[in-house]
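Please read the following briefing with the sequence and the structure side by side, and look up each part as it is named.

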Amino acid sequence: MAKPRNNLNAHNIKNLYIKKDKRSKTGFSCQYKDPRFNDPRFPDAIKQFHSLGSDVSAAKEEATELNAILYGQIANAKVNKILTTPSNSCTGIQLKEWIEQYLSYCKEKLKAGKMKPNTFKIKKNIAEAIQKEHGDLIFADINVSKIAELLKSYVKLDKNRMAQSVRSTYIDIYKIAIGNGIDNITVNVASMTINPDATVKRERLSLDDFEKVNDAYKYEPHRLSALLAVITGQRRTDLCLMRKSKGKDWDERYKAYRLNPNHFVTGDYTSFANLVKYAPYSFIEDNQLCVFQLKTGNLLRIPLSLKMDKLNLSVGDVIKQAQLFPFSPFVLHHTTARAVNKKGDPLHPDTVSRTFAKSLKNTGIEYILKPPTFHELRSLAQREYREQGINTKKLLGHKREEMTEIYDDLRGCDWGKVDAI
């Protein structure tokens, strides 16, 4: 049976909605729907419905007055747009208006677990850089030449990687706009630009250089973080989250991650403290390091007996060395209280990277290009283990062999070896 129509709204006053409400004094509740809501010409109209109280007669008068005022504003905006729009300009929204919608779209993907927090952070930063340059332009007036000039400005500053990222994000901005039917946007103009060349300018880390860095550390927990990275080939965040054993909370954490990989994200990004509190982690069980890779969700078991021959150390050896404070649940942990952490707290990924860079600098090693970062330890692990015949694609958790082979490029950091048949 159809639901009876609400006769309370048979008043012929636009945007006024009346309904029964037992909680009010009169038994009614009145709301006004702002006709400017979602109109890019009125960015201040951020609320769709406004309460007009419970007095029906007063609400009808207020709604009538509001209609006269607001529809007058809408009419004036239309007239002003006609008068101010140049004859050679396309109609439509400004790019900055669409970028706001684009970032809202990205944020929804982030909340749904369909976009990684770091990916969102990068897209947001680049979209804001684009907005700074082209935001005031009418979206449909932007052409290949304007975007190409923006890319060239980064290339001139030797920021070719940034230029590539700007182009990629610009293409995505157009792609989503076309998919949403934005007026006058039918061609992905950004995709017609030339993708700038970008050669890698960061050096690889050789095993000899690593051993010098290893000796230059001042704080033992940080030294062990680098050693564990080389021996396991895992990423810095996974190393810092690693625990000595599987807790009772692990299964629930993993279930929540599978349902939404970003469930622990608060706001636009996430903190390491939230990862420690909510994310699944790697742990030791049955003489194996059970690795959970946060970036991909991969699960991997590495035997503690896995040994890097040239260092004469196994995974188990390094984990044993890391048992500095027996009461800490974390494999890599602080041994002294500091300003922002207590004894036994896990190492922070950012601190791990900074102390590696500092130790590398302390060695006095000079590089022609940019010096290697902590992440290069993963590449070093791949090259050393592949030489031993280990399946490094599995060890690193790569989906495709091509991803693993990228790490084989020495970039001039060492001599390649040719084996005699």
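How many disulfides does a search of the whole structure find? In this predicted model, the search finds zero disulfides. The points below take up the cysteines first, then a sheet, and then a pair of helices.

**Cysteines**

- A disulfide is a covalent bond between the sulfur atoms of two cysteines.
- C240 takes part in no disulfide, and the cysteine sulfur nearest to it, that of C290, lies 19 Å away.
- Seen from C290, the closest cysteine sulfur is the one in C240, and because the two sulfurs are 19 Å apart, they are too far from each other for a bond, given that a disulfide requires sulfur atoms within 2.5 Å.
- C240 counts as buried because its relative accessibility is 1%, and C290, with a relative accessible area of 7%, is buried as well, the cut-off for this being under 20%.

**The three-stranded sheet**

- Strands of a sheet pair through backbone hydrogen bonds, either parallel or antiparallel.
- Three strands form an open sheet in the order β4-β5-β6, and their pairing is antiparallel.
- The edges of this sheet are taken by β4, residues 283-285, and β6, residues 299-303; each has a single partner strand, so one side of each is left without a neighbour in the sheet.
- On average, and with direction ignored, neighbouring strands of the sheet are turned by 30° against each other.
- Strand β5, which covers residues 288-292, pairs with β6 in the antiparallel sense over five bridges.
- Within this pairing, L289 has I302 in β6 as its bridge partner, while C290 stands opposite R301 in β6.
- β5 and β6 form a hairpin with six residues between them, and G297 in the turn has a positive phi of about 80°.
- In a regular strand the side chains alternate between the two faces of the sheet.
- For β6, L300 and I302 make up the covered face, whereas L299, R301 and P303 make up the uncovered one.

**The packing of α3 and α4**

- Helix α3, residues 117-134, packs with helix α4, residues 144-156, at an angle of about 115°, and their axes are 12 Å apart.
- The crossing in which α3 passes α4 is right-handed.
- On the side of α3 the contact involves A129, I130, E133 and H134, which meet K146, I147, L150 and Y154 in α4.
- The residues of this contact between α3 and α4 divide into five nonpolar, one polar and two charged.

Key
Residues are numbered from 1 along each chain as its sequence is written. This is a predicted model: local features need pLDDT of at least 70, side-chain atom pairs count only at pLDDT 80 or more; totals for chains, interfaces and linings use all residues. Side-chain values use heavy atoms; hydrogens and water are left out. Two strands pair if DSSP finds at least two bridges between them. Helices (H or I, at least four residues) and strands (E, at least two) are DSSP runs, numbered from the N terminus. Axes are lines fitted to C-alpha atoms, for helices over the stretch in contact, and angles run from 0 to 180 degrees between N-to-C directions. A crossing is left-handed if the near helix is turned anticlockwise from the far one by less than a right angle, and right-handed if clockwise. Contact means heavy atoms within 4.5 Å. Ala, Val, Leu, Ile, Met, Phe, Trp, Tyr, Cys and Pro count as nonpolar, Asp, Glu, Lys and Arg as charged, and the others, Gly among them, as polar. Buried means under 20% relative accessible area, exposed over 50%, partly exposed in between (1.4 Å probe, protein chains only).
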